[in-house]
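Dear colleague,

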Amino acid sequence: MLKEDILFVLESNREVPISGQELADRFHVSRNAVWKVINSLKQEGYPIRSQRNKGYSLGTVDILSKEGILAELHGACPELEIRVLQETDSTNNEAKRMLASGFSGNALVAAETQSMGRGRKGKSFYSPAGTGIYLSLILQGDEITNQVSMLTIVAACAVVRALQKHTEDPIRLKWVNDLFVGNKKAGGILSEATFDLESGKTEAVVIGIGINLFAAAFPDELAQRAVSVHTDASRNALIAEITRELLAADWSRPERELPFYREHSMVPGREIQYMGETVTALEIDETGGLLIRHRNGGTEVIHGGNITLL
C-alpha cells in the first residue's frame, strides 16, 4: 500500500521534487521505509531522480499503473474501480469475470498485454506489451443498459474525441467499431453485455478498446493492414482521457452522437464487400445502421456483420 501511495504522489507531481521527509510525514512512516520504496520503484523501471536537499522526482515514464491513471484523472471518476494487470487473456474476459463474481458499479480494467485479445466475430487483436492500450470499461445503470443497440456508436465517438486531444493523426471510423488512420486499422472496440437470465434485462455492459500506439512493426499477416497512432502522450494519460470521455457520454440520448459519428465515418459513398457481395454504402441511418445498395438497385439497412472496404 505504501508503494502505491508514494507512486501516486510522484505521478501527480511529475518532475517536481518531493522530499523524503515530506513523504515520510504524509504517510506516517520512517525515512528508511520511503527509501526502500523508492529503490523498489527504481528496480521496476521508474526513472526516479534523487536530488540532494530537494527530494525525489519522477521523470518521463510510460509504465502502466493504477496510480498513473489516477494521477491523470485529476480527481475525476472517484467511484471508479481501477484494476491494472501485467497480463490477462482479454480485458473484456477479466471484466466479465468481475461481474460474474458479483462486482457492482463501474470499473476500468487495463492490461500491459493480452494473450488472447479479441475483436468482433471472434477475431484476435494483436496485443504486445508496451506498445498499445488494452482496456475494458464496465458500466452499469439503466441510462446505459437501455441503449445497447447503439453502444458501440457512442463508445467510438468518445474514443475519437479522446485521441484527437493527443494526436494529429486523423482518426476515422470504419462501421461499426474499427479505428483507422489512413487506410490501415489502428484499433477497435468490442462492446458486450451481460443479461439477467430470468428477466432478460441487460445488467451491465463491457466496452473493450484496443489501440496500437508504439508498435514499430507488425507480424507479416498484419503489416499491410495495421498502423499505430502517433502520440507523445503516455498510455496512462490516454487511458484516463478515454475513460473521462466514456463516462461523460450522453448514454440516455445516443442519437445525439450520430452527426459526429457520420463526420468521422470513412464508409458512406464507398463500395464495400458484405456477405460475399459487392455493394455500395450509402449512409449511417438514425439507428446507427448502415444503409447499403445492392447491385440490383435494392437497398437494405444492416445492423451487424463484417464489411470490407474496396
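Helix α7 (residues 151-164) lies across β6, β7, β8 and β9 and runs at about 135° to β8. Helices (H or I, at least four residues) and strands (E, at least two) are DSSP runs numbered from the N terminus; contact means heavy atoms within 4.5 Å; axes are lines fitted to C-alpha atoms, for helices over the stretch in contact, with angles from 0 to 180 degrees between N-to-C directions. This is a predicted model, in which local features need pLDDT of at least 70 and side-chain atom pairs count only at pLDDT 80 or more, while totals for chains, interfaces and linings use all residues. Residues are numbered from 1 along each chain as its sequence is written, and side-chain values use heavy atoms, leaving out hydrogens and water.

The open sheet has seven strands in the order β3-β4-β5-β9-β8-β7-β6, with mixed pairing (two strands pair if DSSP finds at least two bridges between them). At its edges stand β3 (81-88) and β6 (171-174), each with a single partner strand, so one side of each has no neighbour in the sheet. β7 and β8 pair in the antiparallel sense over four bridges, and D178 stands opposite G188 in β8. α5 lies across β3, β4 (107-114), β5, β8 and β9, at about 25° to β5.

T243 belongs to helix α8 (residues 235-248). T243 is buried, with a relative accessible area of 2% (buried means under 20%, exposed over 50%, partly exposed in between; 1.4 Å probe, protein chains only). Not counting residues up to four places away in sequence, T243 touches L80, L108 and L137.
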